[in-house]
Amino acid sequence: MKVLVAVKRVIDYNVKVRVKPDNTGVDLANVKMAMNPFCEIAVEEAVRLKEKGVASEIVVVSIGPKAAQEQIRTALALGADRGIHIETDEEVQSLEAAKLLKSVVEKEEPKLVILGKQSIDSDNNQTGQMLAALTGMGQGTFASEVVVEGEKVNVTREIDGGLVTVALNLPAVVTTDLRLNEPRYASLPNIMKAKKKPLESMSPADLGVDIANRLSTLKVEAPASRQAGVKVADVAELVDKLKNEAKVI
Amino acid sequence: MSILVIAEHDNSSLKQATLNVVATAKAIGGDIDVLVAGENCGAVAEAAAKAEGVNKVLVADNAAYGHFLAENLGELVAEVGKGYSHILAAAGTTGKDFMPRVAALLDVAQVSDIMRVESEDTFVRPIYAGNAIATVKANDAIKVITVRPTAFDPVAAEGGSASVEQLDVVKDAGLSSFVNEELAKSDRPDLGSAGIVVSGGRGMQNGDNFKMLEQVADLLGAAVGASRAAVDAGFVPNDMQVGQTGKIVAPQLYIAVGISGAIQHLAGMSDSKVIVAINKDEEAPIFQVADYGLVADLFEAVPQLEEELKKVL
């Protein structure tokens, strides 16, 4: 079966985010970018399904500027077979991203679509669910285990307070949580091979999708900074402060 | 304006997060209805009717909603919610699951995880794991919103007298079914919603030493967390990870033990009300965000903490 994986280019998770002085957004100039960590887990899961003989082909898609092709190449180096780049320099919000992915789903007809549960930039946690709703598919969000059995997929989901397993008809959408797997690193020979794998590029207009934003960002600010507090001399003083000063125990 | 709040519950009791979300609805202003969708959830509807400020409780009681499957809830809430100006749910794992489906079915954007209401269409929410705070304006006619419950003080659970109306809208999308669930047997609260969190880092040296933290946590009724360094070192499983790629927590009290305070970790806990850091390295960045810092060897300090807490609790 064919598996479609969506990946997003974001600020590397180890980079300290800085808000622009004019409060219009976050400074992305000369900042290290990388594949969203949850998307890495999505790619890894697809590759494992292929290694198990469950998946026959892995198509990776990314929406973003020209440079997002780096993240597609990374996914190809990890084991995806071909890439689709929907190129735009505009900000694409979740609903519009879901509409773009829907048009890719209609063309590619994958049995399974795997996405990260959220991107660590906008933290919306929406695109996978929206894609599932728009395509009339079932969804297994925040997955910690994915088992394909015939025309169904059983997805174990991380929920508040535990785990729940749901059975979904295929085709279906899965979004990944941290415990699903530990992504591998790409080997140098595979990175070289990835450069020769097919990568198709198109624009949102080619897909007939209007990507105008529905949400306007009025301003972006740094969070109220915490002041370093006091050093306590010993544990007794700490407990006394927590009980009598902060009143939190 | 009319606001539909989707109740969070387990079919037998109303979760407190619902009261926080009703408070968010009050901050927006307008008539507030609560939708209780579940199976044999009459007691939940009664509880919702008593919540302060609720106008009407709508009940969709059907097997299709018993396990809160997003496919079915999405269709139900989109159908019931299309007559409202705002649809609100808590940003727990249930709300995060079905609300984007509602937004997509209504062809509107969703505003996720809001922490403040500026006006009926403008909301404040964290991005980059709380390292930046965005003010966003929703331009669609229906605002679909998930709410960070800890950011709003709950309305009173008693005192209201809303009417209760049964709905006979049954939406079974037939796309998914419940197989089983495994809820944590631990008596400790869930990491994401605990009032107190005790976390360990690489300084714990191994997984066995986390037992020291568990003993302290049990005295405090706290959850136990860990830094990514402790998870990567294999001390504890990664569902305990607090940080940008783990759980984002904002408890009343966060006790960081043997945690240096990497950016990735601070992003997950710096909204905590009171932060305590115990670390032997006085230069550790965690002390820059800690309200109370103790420079000490954790293997001496944690057993002492347990003893001192026993005296005062």
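Guide: A salt bridge here is a side-chain nitrogen of Lys or Arg within 4 Å of a carboxyl oxygen of Asp or Glu. This is a predicted model, where local features need pLDDT of at least 70, side-chain atom pairs count only at pLDDT 80 or more, and totals for chains, interfaces and linings use all residues. Residues are numbered from 1 along each chain as its sequence is written, chains are lettered from A and ligands numbered from 1 in the order in which they are written, and side-chain values use heavy atoms, with hydrogens and water left out.

Visitor: Which residue of chain A meets the side chain of B:Asp291 in a salt bridge?

Guide: Between chain B and chain A the count is six salt bridges. In the one with B:Asp291, N to O is 2.7 Å. The partner side chain is A:Arg226.

Visitor: What area is buried between chain B and chain A?

Guide: Buried area is the accessible area (1.4 Å probe) that two parts lose on being put together, summed over both. Carbon and sulfur atoms give 56% of it. In chain B, B:Thr93, B:Tyr128 and B:Tyr292 lose the most, together 11% of what that side buries. The total is about 6,800 Å².

Visitor: How many residues does the contact take from chain B?

Guide: Contact means heavy atoms within 4.5 Å. Chain A gives 76 residues. Chain B gives 86.

Visitor: Why does the radius of gyration of chain B agree with a compact globule?

Guide: The radius is taken over C-alpha atoms, and the globule rule is 2.2 Å times the number of residues to the power 0.38. With 313 residues, the rule puts a compact globule near 20 Å, so chain B agrees at 21 Å.
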